[in-house]
Amino acid sequence: DAVQARQIAMYLIRSMTNISVVDIGKVFDNRDHSTVIHSIRQVEQKMKKDPAFAEMVKELKTNITSRH
């Protein structure tokens, strides 16, 4: 769903760049930094509980990094 996709995108941006949570929030319709932190934590928690989800996020990260 769109919420989960946005949360994953925030997680990936934060984990793969030095962009601040404040600046990430600005990119996503001016969301508050606390929303970004919550989103990142949601993804991290789901990755711990759901191996298939964790693998999907890992594959996204690999696909992004392999394009450089």
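Predicted model: local features only at pLDDT ≥ 70, side-chain atom pairs only at ≥ 80, totals over all residues.

Colleague: OK, at what angle do H1 and H4 pack, and how far apart are their axes?

Modeller: Helix H1 (residues 2-16) and helix H4 (residues 51-65) pack at about 55 degrees, and their axes are 11 Å apart. That angle makes H1 oblique to H4.

Colleague: And is the crossing of H1 and H4 left-handed or right-handed?

Modeller: Right-handed for H1 and H4.

Colleague: Which residues in H1 and H4 meet there?

Modeller: From H1 you have Gln4, Ile8, Tyr11, Leu12, Ser15 and Met16. They meet Phe53, Met56, Val57, Leu60, Lys61, Ile64 and Thr65 in H4. The contact of H1 with H4 divides into 9 nonpolar, 3 polar and 1 charged residues.

Colleague: Switching topic: where is Ser39?

Modeller: Ser39 sits in helix H3, which covers residues 33-49.

Colleague: Is Ser39 buried or exposed?

Modeller: Ser39 has a relative accessible area of 5%, so it counts as buried, the cut-off being under 20%.

Colleague: What is Ser39 in contact with, leaving aside neighbours within four places in sequence?

Modeller: With that left aside, Ser39 is in contact with Gln7 and Met10.

Colleague: Tell me about Gln7 then. Which helix is Gln7 in?

Modeller: Gln7 is in helix H1. Gln7 is buried too, at a relative accessible area of 14%. Beyond neighbours within four places in sequence, Gln7 is in contact with Ser39, Gln42 and Val43.

Methods:
Residues numbered from 1 in each chain as written. Heavy atoms only, no water. Axes fitted to C-alpha atoms, helices over the stretch in contact; angles between N-to-C directions. Helix = DSSP H or I, 4+ residues; strand = E, 2+ residues; numbered from the N terminus. Parallel < 35°, antiparallel > 145°, perpendicular 65-115°, else oblique. Left-handed = near helix turned anticlockwise from the far one by under 90°. Contact = heavy atoms within 4.5 Å. Nonpolar A, V, L, I, M, F, W, Y, C, P; charged D, E, K, R; others polar. Buried < 20%, exposed > 50% of the residue type's maximum accessible area, 1.4 Å probe, protein only.
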